Amino acid sequence: MRIRVDALDKIATGQGLRTRYAIAKRLGVSQSTVGRVLDGEQLPGNPFIAATLSTLAVQFDEVFEIEDSDEPLAHGAVA
């Protein structure tokens with residue numbers, strides 16, 4: 001899964017959130033988490049996803065997308 005940075009930027013800006021700090025504060029996550037997710041250094045975790053959907057009032061597919069992977073899931077992993 002990955003975040004659609006361009007979509008999040010547009011939505012956030014439309015809601016008056018013009019900085020990563022403002023996004024982090026609204027979502028209730030750390031600014032470093034927002035930075036790592038937006039820079040592609042970290043996948044968005046469940047708390048980040050839930051906060052984005054509920055706080056910014058967006059649908060999952062507006063901001064996130066599932067990437068196909070050719071690698072099999074580890075034993076016990078859930079897709």
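Arg2, Glu65 and Glu67 are tied into a network of salt bridges. That trio is a handy way into this predicted model, a chain of 79 residues with five helices and two strands. Here's a quick tour, starting with the overall layout and then going pair by pair.

**The overall layout**

- Going along the sequence, the elements come in the order β-α-α-α-α-α-β, so keep that pattern in mind when looking at where strands S1 (residues 2-3) and S2 (residues 64-65) sit.
- Of the 79 residues, 30% are buried.
- The chain exposes about 5400 Å², and 50% of that comes from carbon and sulfur atoms.
- Among contacts with a separation of 6 or more, 54% are between residues 24 or more positions apart.

- A bit of background first: side chains of opposite charge can pair when their charged atoms come close.
- The count for the chain is three salt bridges, and Arg2 takes part in one with Glu65 and in another with Glu67.
- In the pair of Glu65 and Arg2, the closest N and O atoms are 2.6 Å apart.
- Glu65 belongs to strand S2 and Arg2 to strand S1, so this pair ties together parts that are 63 residues apart in sequence.
- In the pair of Glu67 and Arg2, the closest N and O atoms are 3.6 Å apart.
- Glu67 comes in the segment after S2 while Arg2 is in strand S1, so here the parts tied together are 65 residues apart in sequence.

- Arg20 is in helix H2 (residues 20-27), and Asp39 is in the loop between helix H3 (31-38) and helix H4 (46-55), so the pair ties together parts that are 19 residues apart in sequence.
- Asp39 is partly exposed, with a relative accessible area of 46%.
- Arg20 is partly exposed as well, at 33% relative accessibility.

Definitions and conventions. Residues numbered from 1 in each chain as written. Predicted model: local features only at pLDDT ≥ 70, side-chain atom pairs only at ≥ 80, totals over all residues. Heavy atoms only, no water. Helix = DSSP H or I, 4+ residues; strand = E, 2+ residues; numbered from the N terminus. Buried < 20%, exposed > 50% of the residue type's maximum accessible area, 1.4 Å probe, protein only. Contact = heavy atoms within 4.5 Å. Areas by Shrake-Rupley, 256 points an atom, 1.4 Å probe, with all protein chains shown as cover. Salt bridge = Lys/Arg side-chain N within 4 Å of Asp/Glu carboxyl O.
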